[in-house]
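Q: Please go through this model with me and, for each label that is used, set the value against its definition.

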Amino acid sequence: PKAIQLKDYRPPEYLIDRTELHFDLGADKTRVTSTLTLRRNPDVTPTGKGLTLHGQEIELVSVSIDGRTLSDNDYRLDDETLTLPEAPEQFELTTVGDIDPKNNTSLEGLYRSRTMYCTQCEAEGFRKITWYLDRPDVMSEFFTTVVADEKQFPVLLSNGNLIEQGSADNGRHFATWHDPHKKPAYLFALVAGNLEHIEDTFTTMSGRDVTLKIFVEAKDLDKCGHAMTSLKNAMRWDEEQYGREYDLDIFMIVAVDDFNMGAMENKGLNIFNTACVLAKPETTTDAGFQRVEGVVAHEYFHNWSGNRVTCRDWFQLSLKEGFTVYRDATFSADMGSPTFKRVEDVSMLRTLQFAEDAGPMAHPVRPDSYIEISNFYTLTIYEKGNEVVRMLANLLGPELFRKGTDLYFERHDGQAVTTEDFVAALEAVSGRDLTQFKRWYDQAGTPKLTVTDRWDEDAGEYHLTIAQTCPPTPGQPEKQPFHIPVAMGLLGSAGSLPLKIKGQAPNPETDDNTHTVLELTEAEHTFVFEQLPEKPVPSLLRGFSAPVKLYYGYSRDDLMRLMSGDSDGFCRWDASQQLAIEVIEDVMVAYQKGEDLSGITIDGRLIEANRLLLQDDSLDKAMVALMLSLPSEAYLGEQQDEIQVEAIHHSRAAVKRALAEALKPELTQIYRAYDHGKPYRPTADDIAERSLKNAALSYLMTLNEPEMIEACEQQYRQANNMTDAIAAVGELVNSQASGAETVREQVLADFYQTWKDEPLVVDQWLRVQATSSRSNTLDVVHELEQHPAFEPNNPNKIRALVGAFTNANPINFHRADGAGYRFLGDQILRLNSVNPQIAARLVTPFTRWKRYPKAQQELMHAELERIKAEPKLSKDVYEVVSKSLV
Ligand code: DPP
Ligand code: ZN
């Protein structure tokens with residue numbers, strides 16, 4: 001397979017003004033007739049090579065130009081293209097082809113999911129439907145007719161507005177849709193099925209009524225309300241925050257069970273993984289409710305950031321994704337708890353994106369080459385892309401940023417553009433030179449800030465020096481300094497200190513008396529703070545103002561001061577995590593020496609800090625829950641030079657147990673005070689309360705006491721919502737107590753019996769077992785693979801069982817005998833031919849092989865080699881595996 005390079009980008013030689021599609025959904029095959037109105041692109045000098053269209057896995061029936069059928073000599077056909085060497089300047093091209101959606105297990109193009117037909121065209125799925133210029137800079141007006149059996153497929157949908165419908169021969173019917181907005185093929189969608197829907201209306205800011213419909217299978221009709229509310233909130237928010245109004249008379253969402261990603265922003269017809277749209281308290285956790293709200297908003301926001309203004313080529317993917325994640329993250333923050341949302345996002349970024357950025361698949365936010373674009377729907381494109389937009393928004397401040405996005409949308413409406421164009425609009429409104437800032441788009445790797453300081457008691461001056469470096473990444477041995485905003489303040493013994501930087505006037509946009517943003521542009525800067533009454537503790541990177549790793553030698557007392565006294569919620573939380581990391585690392589040293597960890601004493605400061613948290617009624621419960629939670633094993637691993645899975649797991653567990661012992665009265669009180677009969681609401685306050693209570697339960701369960709096991713079982717049986725139910729199941733599944741065995745078996749069996757007809761709940765049942773830290777988990781996973789609940793080709797099931805075991809269960813996945821690795825290798829090889837995208841995603845844990853001790857490295861390396869030796873390796877898997885082996 002060959003790499004595609006950004007530097008090879010050329011504008012299209014032909015444009016498609018009009019696209020007319022006719023789908024005949026047969027019992028067996030589907031016949032697609034496409035009529036394209038083509039003309040030469042006046043801005044491009046002809047290369048004389050004619051016209052080459054993309055097309056894959058389509059059986060050609062006929063090709064004609066302006067109504068004249070071509071003979072075999074008039075075109076060339078291969079596995080990926082159809083070439084017309086003698087294409088005229090301007091013409092109508094009709095192709096007829098047969099496709100086989102029933103056997104399309106890749107879930108790209110047109111495919112069958114349970115009883116319905118649906119499509120997924122981003123990034124390059126449209127070429128599996130018909131021959132086309134399947135690239136985002138070719139935008140066309142679409143007319144789509146679908147013909148299908150009326151009984152089996154009463155609902156026929158596509159993009160835009162329904163312009164005609166009626167009956168056809170043999171008990172069939174048809175519908176014709178017209179999308180007046182020009183769009184690239186990746187935004188095309190079609191759905192045919194026996195679906196029910198809920199309906200609502202939204203009146204836009206200019207007073208137009210838009211019909212909103214959410215289509216699902218009949219059994220899911222009771223789970224659409226939250227998505228509808230979220231959609232209306234998102235529509236209003238986008239009007240208020242960005243001045244963006246919806247532009248069609250109808251907006252539709254369809255839920256499908258088999259879906260490679262979360263959801264897809266097809267124009268006017270979003271298609272969603274059921275996991276990202278269905279929600280009701282009995283079946284959906286708090287995290288699930290929040291995910292639905294966030295994803296519904298995300299896809300809706302794409303209507304402007306993605307659809308009206310789209311990407312020139314796939315290297316620009318973050319243009320729409322980074323910006324849209326930023327939009328949905330700020331939306332979710334507005335709807336719920338901003339600190340909670342920020343901490344959640346930063347945790348994910350620092351654990352998973354930082355790992356990606358330090359591994360063989362590291363790539364810039366705007367990559368310059370890829371083999372398979374599906375492999376680039378990454379945390380870097382989405383989450384680091386979000387951070388880059390967030391930095392821009394913060395550098396400009398809210399007013400200028402809004403002016404900048406207004407200009408961007410106005411300038412580029414209906415165009416396919418680049419990240420340069422986005423930044424240019426922000427430069428134009430602010431007068432700022434963002435040339436250096438743009439390195440964030442071009443240079444991969446996580447910058448590292450090393451902070452040192454000096455206190456000059458006599459002068460009352462505090463000297464803060466910040467140096468930046470960035471490690472090499474594939475293809476980029478050397479890095480230029482980044483433009484890094486460091487939001488900060490200084491803490492004294494009684495709270496925030498006034499800031500006065502020598503030689504610098506305060507910036508009224510970002511500074512108050514106690515908060516400022518330092519802008520780093522050089523490899524090293526020193527800032528001198530004057531007129532200080534005492535030696536301060538610096539509060540750095542407030543709100544996580546830049547996606548960097550920051551090193552400063554905080555003492556544990558400094559961390560306690562930040563935890564209790566800083567004005568920034570993020571920094572308080574981060575200090576709690578840093579303190580916990582240090583205490584866990586103390587225990588790791590003891591573990592490595594072979595000491596018994598069962599009754600180990602830990603640094604009392606961690607206990608005291610947590611006691612204060614638990615006793616302070618004035619604190620936001622969300623903050624308490626967050627600060628009380630220990631850093632994950634994955635994040636702890638990220639802090640180590642070499643990841644010692646067992647040491648991390650056992651030391652973290654020992655610290656958790658020691659905290660539970662010391663804080664048992666406080667934790668018990670929180671647990672007992674919770675009213676389990678309270679009606680469920682997914683509000684920020686209630687979510688925080690549940691999360692704190694379940695954190696208390698989790699601590700107390702480490703004590704292996706019979707009354708807690710009983711309480712846990714009771715919580716499961718009494719729960720009126722899935723958050724509490726699954727939290728209890730999770731604790732029982734992980735419990736090492738001998739008394740938990742019987743309860744665990746009963747509860748798991750009861751859970752399955754209760755929910756076996758709800759696929760999304762069954763996913764949770766699989767996940768909770770796959771992530772158990774008990775030592776027989778791999779055997780359980782093998783058994784579950786044979787269980788009727790596990791559908792081997794359904795992405796959600798694969799993620800719930802295989803993905804959860806290999807990504808979220810380090811102690812069992814990294815078993816010394818390599819059995820966990822072999823399991824993953826087998827799954828990747830099995831899925832390679834079934835669904836290459838999903839197979840390639842599963843490789844991720846293996847990409848980190850160099851981070852582990854030698855014995856584990858060798859075992860993982862052997863699995864990568866075994867996969868690479870597969871003769872029919874998909875491009876998707878090949879790219880990840882071959883880059884990992886470099
Ligand atoms: N463009 C889609 C999304 O992120 C990818 N599935 O919303
Ligand atoms: Zn997106």
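A: Helices (DSSP runs of H or I, at least four residues) and strands (DSSP runs of E, at least two residues) are numbered from the N terminus. L107 lies in the loop between β9 (90-99) and β10 (109-113). This is a predicted model, in which local features need pLDDT of at least 70 and side-chain atom pairs count only at pLDDT 80 or more, while totals for chains, interfaces and linings use all residues. Residues are numbered from 1 along each chain as its sequence is written, and chains are lettered from A and ligands numbered from 1 in the order in which they are written.

Q: What makes L107 buried or exposed?
A: A residue is buried if 20 or more other C-beta atoms lie within 10 Å of its own, exposed if 12 or fewer, and partly exposed in between, with C-beta atoms placed from the backbone. L107 has 24 other C-beta atoms within 10 Å, and therefore counts as buried. L107 also has a positive phi of about 60 degrees, although it is not a glycine.

Q: Why is E57 called partly exposed?
A: E57 has 17 other C-beta atoms within 10 Å, so it falls in the class in between and is partly exposed. E57 sits in the loop between β4 (51-54) and β5 (59-65), and its phi is near 55 degrees, a positive value in a residue other than glycine.

Q: How do you know that N386 is buried, and which residues is it in contact with?
A: N386 counts as buried because it has 27 C-beta neighbours inside 10 Å; its place is in helix α5 (residues 379-396). Two residues are in contact if their C-beta atoms, placed from the backbone, lie within 7 Å, and, leaving aside neighbours within four places in sequence, N386 is in contact with G322, V325, Y326 and A329. The C-alpha atoms of N386 and N303, which are 83 residues apart along the chain, are separated by 17 Å.

Q: How do you know that the span of helix α14 agrees with its number of residues?
A: The expected span of a helix is 1.5 Å times one less than its number of residues. Helix α14 (residues 645-662) has 18 residues and should therefore span 26 Å, and its end C-alpha atoms are 26 Å apart, which agrees. The buried residues of α14, including V645, I648 and H649, pack against α10 (569-592), α11 (604-615), α13 (633-639), α15 (664-673), α16 (684-701) and α23 (810-813).

Q: What makes up the shell around ligand 1?
A: A residue is near a molecule if its C-beta atom, placed from the backbone, lies within 6 Å of it, and ligand 1 is surrounded by E122, M261, A263, M264, E265, H298, E299 and E321. The elements that give two or more residues to this shell are β20 (263-264) and α2 (286-301). Ala, Val, Leu, Ile, Met, Phe, Trp, Tyr, Cys and Pro count as nonpolar, Asp, Glu, Lys and Arg as charged, and the others, Gly among them, as polar; by these classes the shell has three nonpolar, one polar and four charged residues. E122 is also joined to A123 by a cis peptide bond, with omega about -5 degrees, and A123 lies in the loop between β11 (116-120) and β12 (140-149).

Q: What confidence does the predictor give?
A: With pLDDT as the predictor's confidence in each residue, from 0 to 100, the mean for the protein is 97, and 100% of its residues reach 70 or more. The complex is given an ipTM of 0.98 and a pTM of 0.98.
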